[in-house]
Amino acid sequence: MKRWLKSALYVCTIASMTFVYTDGFAQYSSQNWANSPQNWRNSPNNWDNSSQNWENSPLNWNNSPQNFQNSINNYNNANGIYDRNGNRLGYIVPKANGGANYFDNAGRRLGYQPGD
């Protein structure tokens, strides 16, 4: 009887884990594909997202920290990124395709948001 009960509990546990795992995977794949790094639209290998693209380069004047619109000394800019204590961490530069580039205060590109 004990062996049968252990076997039944084991089968039930494995079956429930399988259903949870496959259900979770299906949920992940259908809901998060748009945000997935495997999606070409989000890939850093996509030219639109590449740091080698002039539009994304910190050497481009629009992205440069020397541009007053991005400067830490411009207290009226709307593109600054701040922490909870009010310290400026960097800035955001919108792209023509609706995306955005994220830079730290020194002008190093930290990341991007893909456009349309």
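1. Confidence. Since the structure is a predicted model, the confidence scores deserve a look before anything else. The protein chain averages a pLDDT of 79, and 73% of the residues score at least 70. Among the elements of the chain, strand 2 has the highest mean pLDDT, at 95, while helix 1 has the lowest, at 52. Over residues 18–27 the pLDDT falls below 50, and this stretch has 1 contact in the model beyond near neighbours in sequence. Where pLDDT is low, the predicted coordinates should not be read in detail.

2. Overall make-up. The protein chain contains 1 helix and 4 strands, and, read along the sequence, these elements follow the pattern α-β-β-β-β. Of its 116 residues, 29% count as buried. The chain exposes about 8800 Å², of which carbon and sulfur atoms supply 58%. Among the contacts in the chain with a separation of 6 or more, 25% are accounted for by residues 24 or more positions apart.

3. The strands form an open sheet of 4 strands in the order 1-2-3-4, with antiparallel pairing. Strand 1 (80–82) and strand 4 (109–113) stand at the edges and have a single partner strand each, so one side of each is left without a neighbour in the sheet. On average, and with direction ignored, neighbouring strands of this sheet are turned by 25° against each other.

4. Strand 1 with strand 2. These two strands pair in the antiparallel sense over 3 bridges, and within this pairing I81 stands opposite G90 in strand 2. Strand 1 and strand 2 form a hairpin with 5 residues between them, and G86, in the turn, has a positive phi of about 90°.

5. Strand 2 with strand 3. Here 5 bridges join strand 2 (residues 88–94) to strand 3 (residues 100–104), and the two strands run antiparallel. V93 stands opposite N101 in strand 3, and Y91 stands opposite F103, also in strand 3. This hairpin has 5 residues between the strands, and in it G98 takes a positive phi near 95°.

6. Strand 3 with strand 4. The antiparallel pairing of strand 3 and strand 4 is made by 4 bridges, and F103 has R109 as its bridge partner in strand 4. The hairpin formed by strand 3 and strand 4 has 4 residues between them, with G107 in the turn showing a positive phi of about 95°.

7. The aromatic pair. The count of aromatic pairs comes to 1. The two residues are Y91 and F103, whose rings are stacked, at 5.4 Å centre to centre and with 20° between the planes. The pair links distant parts of the chain, with Y91 in strand 2 and F103 in strand 3, 12 residues apart.

8. Is S57 buried or exposed? Its relative accessibility is 9%, and S57 therefore counts as buried, the cut-off for that term being under 20%. D48, by contrast, is partly exposed, with a relative accessible area of 39%.

9. Leaving aside neighbours within four places in sequence, S57 is in contact with S51 and N63. With residues up to four places away in sequence not counted, D48 touches N53, N56, K95 and N97. D48 and Y112 are 64 residues apart in sequence, yet they are 10.0 Å apart in space, C-alpha to C-alpha.

Technical notes
Residues numbered from 1 in each chain as written. Predicted model: local features only at pLDDT ≥ 70, side-chain atom pairs only at ≥ 80, totals over all residues. Heavy atoms only, no water. Pairing = 2+ DSSP bridges. Axes fitted to C-alpha atoms, helices over the stretch in contact; angles between N-to-C directions. Buried < 20%, exposed > 50% of the residue type's maximum accessible area, 1.4 Å probe, protein only. Contact = heavy atoms within 4.5 Å. Areas by Shrake-Rupley, 256 points an atom, 1.4 Å probe, with all protein chains shown as cover. Phe/Tyr/Trp six-rings, centres within 6.5 Å; stacked < 30°, edge-to-face > 60°. pLDDT = per-residue confidence, 0-100.
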